[in-house]
Amino acid sequence: MSRVPQSHLDAAAVNRPLRGRVAIAGAATYGCGEAPGMDDMTLLVRAAHAAVADAGLTMQDIDGLATCSVNASMWTMPVIEHLGINPTYVDGTMIGGSSFIAHLLPAMRALEAGQCKAVLVCYGSAQRSATFGRKEGVAARRFLDPQPYEHPYEPVLPVAAYALAAARHMHEFGTTREQLAEVAVAARAWAQKNPEAFMRDPLTIEDVLSARPIASPLGVRDCCLVTDGGGAIVLTRAERARDLPRPPVYVLGNATAIWNRQISCMPDLTTTAAAQSGAQAFAMAGLKAADMDMAQVYDAFTINTILFLEDLGFCAKGEGGAFVAAGGIAPGGRLAVNTNGGGLSCVHPGMYGIFALIEAVRQLRGETGARQLSKHRTAVVHGNGGTLSSQSTAVLGTAETL
């Protein structure tokens, strides 16, 4: 299944007329790290208001909404109540942490069709501070989201699933624990340049290798953070975005692919549906991995980054370990990856996808201070949901890429 059918690439070509027709006009985060006394909705609403203000708009200008929650299936309804909006376009699609990247293409179609004029994509989670936190959510999903081929064996999900993929990659391609550790160390090096990052202490390869084991071969430093945080972006048609205060960041391509829910149903533990979503998004954008100035990918675990760099085309299958070795994705390396510190060191409140988008926007605008890349015209943003289940890829660019 690693070969993407031509029919799927042809489907991506149908979306080519939408290339650059919609732009991200506003972006903001709120309460990232620890936000005691706040709940999911408070974090979402404050991030939403900040993003709308960043776009030079008011909440009454928002007539499109895309949002979802791990804990609430009808999340769009209370969000509409709290924001006080009356949207003509609503998307509550929930496919895990990739959702907010997957929300882009439907919103682009709605904006281009004239169904709405400004779409707010937003998220908030108090997973670290809430009484009903990650542990309780995982237990509840055994009933709300049954996985019949895995739950009877009581694996420690999701980490056991990603450990399985890591072990297979190591067996099949000779990937080493040290190479996995390189991903965590690189993320921390970027986080040290980011005052908003939750973990900024120095981290070495040896620190990662000697950290508390969680699910072999992964240790605690191979695993993402558990934080609070809210994030939001505002989408408008490109011509409107050019008249707003911030430099527009254009959506050049977007695609989503899902091959499985349970990791036990993956056709190949070392190849994810990112191979499809990436190919389709790049086809829509008319670009390729080599054209990207940065990659903001969902690094829930260190193996994710290696898998996605391979599947998105930055290196051949099985070469991801060598690609990240010797500081390959750290500051000054061959490719800038997760320049905010990613889910491993910056922020991870349950679902990370919106934060990868926001970091790409900030980099493309040239707003990231000490971690700012000198070359920042293009970015690929990739989201992951479930246990290597849903994959969504977006290609973003500045005005020079149109």
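Asn 260 touches Cys 265, Met 266, Thr 387, Leu 388 and Ser 389, leaving out residues up to four places away in sequence; contact here means heavy atoms within 4.5 Å. The model is a predicted one, in which local features need pLDDT of at least 70 and side-chain atom pairs count only at pLDDT 80 or more, while totals for chains, interfaces and linings use all residues. Numbering starts from 1 along each chain as its sequence is written, and side-chain values use heavy atoms, with hydrogens and water left out.

Back to Asn 260, which sits in the loop between strand 8 and helix 11 (274–285). Helices (H or I, at least four residues) and strands (E, at least two) are DSSP runs, numbered from the N terminus. Asn 260 counts as buried, because its relative accessibility is 8%; the cut-offs are under 20% relative accessible area for buried, over 50% for exposed and in between for partly exposed, with a 1.4 Å probe and protein chains only. A polar atom of the Asn 260 side chain lies 3.1 Å from the backbone oxygen of Gln 262.

Not counting residues up to four places away in sequence, Ser 125 touches Asp 40, Leu 43, Thr 227, Asp 228, Gly 229 and Pro 349.

What about the chain as a whole? There are 15 helices and 12 strands, and buried residues make up 60% of the 402 residues. The C-alpha trace spans about 50 × 45 × 45 Å along its principal axes. Among contacts between residues at least 6 apart in sequence, 76% join residues at least 24 apart.

Strand 1 (residues 22–33) has nine of its 12 residues buried, so it is largely enclosed by the rest of the structure. Nine bridges join strand 1 to strand 7 (residues 228–237), and the two run antiparallel; strands pair if DSSP finds at least two bridges between them. In this pairing Ala 28 stands opposite Ala 232. Strand 1 is also joined to strand 8 (residues 249–258), again antiparallel, by two bridges, with Ala 23 opposite Tyr 250.

Then there is the nonpolar interior. A nonpolar core is a set of buried Ala, Val, Leu, Ile, Met, Phe, Trp, Tyr and Cys residues joined through side-chain atoms within 4.5 Å. The largest has 123 residues, and those touching the most other members include Leu 83, Phe 314 and Leu 396. Helix 15 (residues 353–365) gives the most to this core, with eight residues. Apart from it lies another core, of five residues, among them Ala 181 and Val 185. Beyond its neighbours within four places in sequence, Leu 396 is in contact with residues including Ile 24, Tyr 250, Leu 357 and Val 381.

Conventions:
Polar contact = N/O pair within 3.5 Å; in protein donor to acceptor, adjacent residues only side chain to side chain.
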